[in-house]
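Visitor: I would like to learn how to read a protein model. Please take me through some features, with the general idea before the case.

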Amino acid sequence: MISSTSGPGLLFPKDFVGDYNFKSKTHEDEFSPEGLCKAAMFALLVKEELNSWPEQSTRIRSWLTISQAIQNCRHAWMKEALEYGFCKWLAQKRKTTS
């Protein structure tokens, strides 16, 4: 997970696990007065970790267990994505590879 440049908490970097609907006060407008948004969660297979990267001066990179990530998520939909979406995806992935 990476730190957010717009507030506290951690965010997911961008393999698609699922999409999640949530409400956002900052996205309320004439097209979506309720602030309804859809976000996507992706899983990554990391083959190499670079010592430097483009956003290094504005973000902090952290490697976390799923439970640690859940505790540090900035948004409720991210916690739900980890608890249900990612764990379900991971279990299915393990079944197909074993």
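Guide: A salt bridge is a side-chain nitrogen of Lys or Arg within 4 Å of a carboxyl oxygen of Asp or Glu. Side chains of opposite charge can pair when their charged atoms come close. This is a predicted model, in which local features need pLDDT of at least 70, side-chain atom pairs count only at pLDDT 80 or more, and totals for chains, interfaces and linings use all residues. Residues are numbered from 1 along each chain as its sequence is written, and side-chain values use heavy atoms, with hydrogens and water left out.

Visitor: How many salt bridges does this rule give?

Guide: The count is two. In one, glutamate 55 meets arginine 59 at 2.8 Å, N to O. In another, arginine 61 meets glutamate 49 at 3.2 Å, N to O. Arginine 61 and glutamate 49 are 12 residues apart, and each lies in the loop between strand S4 (36-42) and helix H1. Helices (H or I, at least four residues) and strands (E, at least two) are DSSP runs, numbered from the N terminus.

Visitor: Is arginine 59 buried or exposed?

Guide: Buried means under 20% relative accessible area, exposed over 50%, and partly exposed in between (1.4 Å probe, protein chains only). Arginine 59 has 16%, so arginine 59 is buried. Its partner glutamate 55 is partly exposed at 38%. In the other pair, arginine 61 has 30% and is partly exposed, and glutamate 49 is partly exposed at 44%.

Visitor: Which residues make up the largest nonpolar core?

Guide: A nonpolar core is a set of buried Ala, Val, Leu, Ile, Met, Phe, Trp, Tyr and Cys residues joined through side-chain atoms within 4.5 Å. The largest one here has 10 residues: Ala39, Ala69, Ile70, Cys73, Trp77, Met78, Ala81, Leu82, Phe86 and Trp89. Helix H1 (66-72) and helix H2 (76-97) are the elements that give two or more residues to this core. H2 gives the most, with six.

Visitor: Which residues of H2 are buried?

Guide: An α-helix has 3.6 residues a turn, so residues three or four places apart point the same way. In H2 the buried residues are Trp77, Met78, Ala81, Leu82, Gly85, Phe86 and Trp89.

Visitor: Where does H2 bend?

Guide: The bend at a residue is the angle between axes fitted to the seven residues ending there and the seven starting there. H2 bends by about 35 degrees at leucine 82.
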